[in-house]
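Visitor: I'm new to protein structures, and I'd like to learn how to read one. Please take me through it feature by feature.

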Amino acid sequence: MRHSSIFLAFSVLCMTQCSSLSIEECTHSDWFSLGLADGNRGTSTEQLNQYQKDCREFNLNVDTAQWKQGYLQGLANYCQPENGYRIGLAGQSYYSVCSSNEFVERYNQGHQQYQINKRMADIVERLNSIDREISSIDGKLNNLTDKASLLKQKNSLLNEKNQLLDEGYRLRRPDMRFEFRY
């Protein structure tokens, strides 16, 4: 009898380690609040399927109606156009859960600005790297007699630096339009 209790406890422990919801969460969850939180985050309705799968491992059911009610209320908050811009600007993924064209348009605008900001940060990082490499080459030039290959390398880096500075300038111009495709 004692071995079967240990085995049962071990089995329950293993099942809880394999699921994203525990037996306590499946038993005591406020499904409306969980749906509301999922909707506010713009998660896919596939999340409900995952909850159902997790709770089925414990022979428990999800209150689907309550979750959906909360989820729809959360989506109403999430699908606001300005939230779309904020989410896009943060580089977050969008799972096509909003029916509002305004939301999608603002998300795309925010995501485009995110991509520009990311590229600008990459340019700044590379410019700093080029400056460090040039400084290193300058230090080596002072100590070497064969300067031709180092000067060639330095000129190549200076050319790349100028190209990146030009690209950064073009990215900062508000009258320029960029088209990003997904």
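Visitor: Let's start with Tyr94 and Phe103: are they buried or exposed?
Guide: Both Tyr94 and Phe103 are buried. Buried means under 20% relative accessible area, exposed means over 50%, and partly exposed is in between, using a 1.4 Å probe and protein chains only. Keep in mind that this is a predicted model, where local features need pLDDT of at least 70 and side-chain atom pairs count only at pLDDT 80 or more, while totals for chains, interfaces and linings use all residues. Residues are numbered from 1 along each chain as its sequence is written, and side-chain values use heavy atoms, leaving out hydrogens and water.

Visitor: How many aromatic pairs does a search of the whole structure find?
Guide: Five. Rings of Phe, Tyr and Trp (its six-membered ring) pair if their centres lie within 6.5 Å; planes under 30 degrees apart are stacked, over 60 edge-to-face, and the rest tilted. Take Tyr78 and Phe103: their pair is tilted, at 5.3 Å centre to centre with 40° between the planes. That pair links distant parts of the chain, with Tyr78 in helix H5 and Phe103 in helix H7, 25 residues apart. Helices here are DSSP runs (H or I, at least four residues), numbered from the N terminus. Tyr78 and Phe103 are both buried.

Visitor: And what does Tyr94 do with Phe103?
Guide: Tyr94 and Phe103 form a tilted pair too, 5.0 Å centre to centre and 50° between the planes. Put together, Tyr78, Tyr94, Phe103 and Tyr107 make one aromatic cluster.

Visitor: Which residues of H5 are buried?
Guide: Trp67, Gly70, Tyr71, Gly74, Leu75 and Tyr78. They cover an arc of only 145° around the axis, so they sit on the same side of H5. The arc is that of the directions from the helix axis to the C-beta atoms. Ala65 and Leu72, on the other side of H5, are exposed.

Visitor: What do the buried residues of H5 pack against?
Guide: Helix H3 (31-41), helix H4 (46-56), helix H6 (81-89) and helix H7 (101-141). Contact means heavy atoms within 4.5 Å.

Visitor: How do I read a salt bridge?
Guide: Side chains of opposite charge can pair when their charged atoms come close. The cut-off is a side-chain nitrogen of Lys or Arg within 4 Å of a carboxyl oxygen of Asp or Glu. A search of the whole structure finds eight of them. In one of them, Asp122 meets Lys118, with the closest N and O atoms 3.9 Å apart. Both lie in helix H7, four residues apart, about one turn of the helix.

Visitor: Which residue does Glu167 meet in a salt bridge?
Guide: Arg119, at 3.0 Å from N to O. Glu167 is in helix H8 (residues 148-172) and Arg119 in helix H7, so the pair ties together parts that are 48 residues apart in sequence.

Visitor: And where are the partners Lys161 and Asp131?
Guide: Their salt bridge has its closest N and O atoms 2.7 Å apart. Lys161 is in helix H8 and Asp131 in helix H7, 30 residues apart, which links distant parts of the chain. Salt bridges that share partners also join Arg126, Glu133 and Glu160 into one network.

Note on methods: Helix = DSSP H or I, 4+ residues; strand = E, 2+ residues; numbered from the N terminus.
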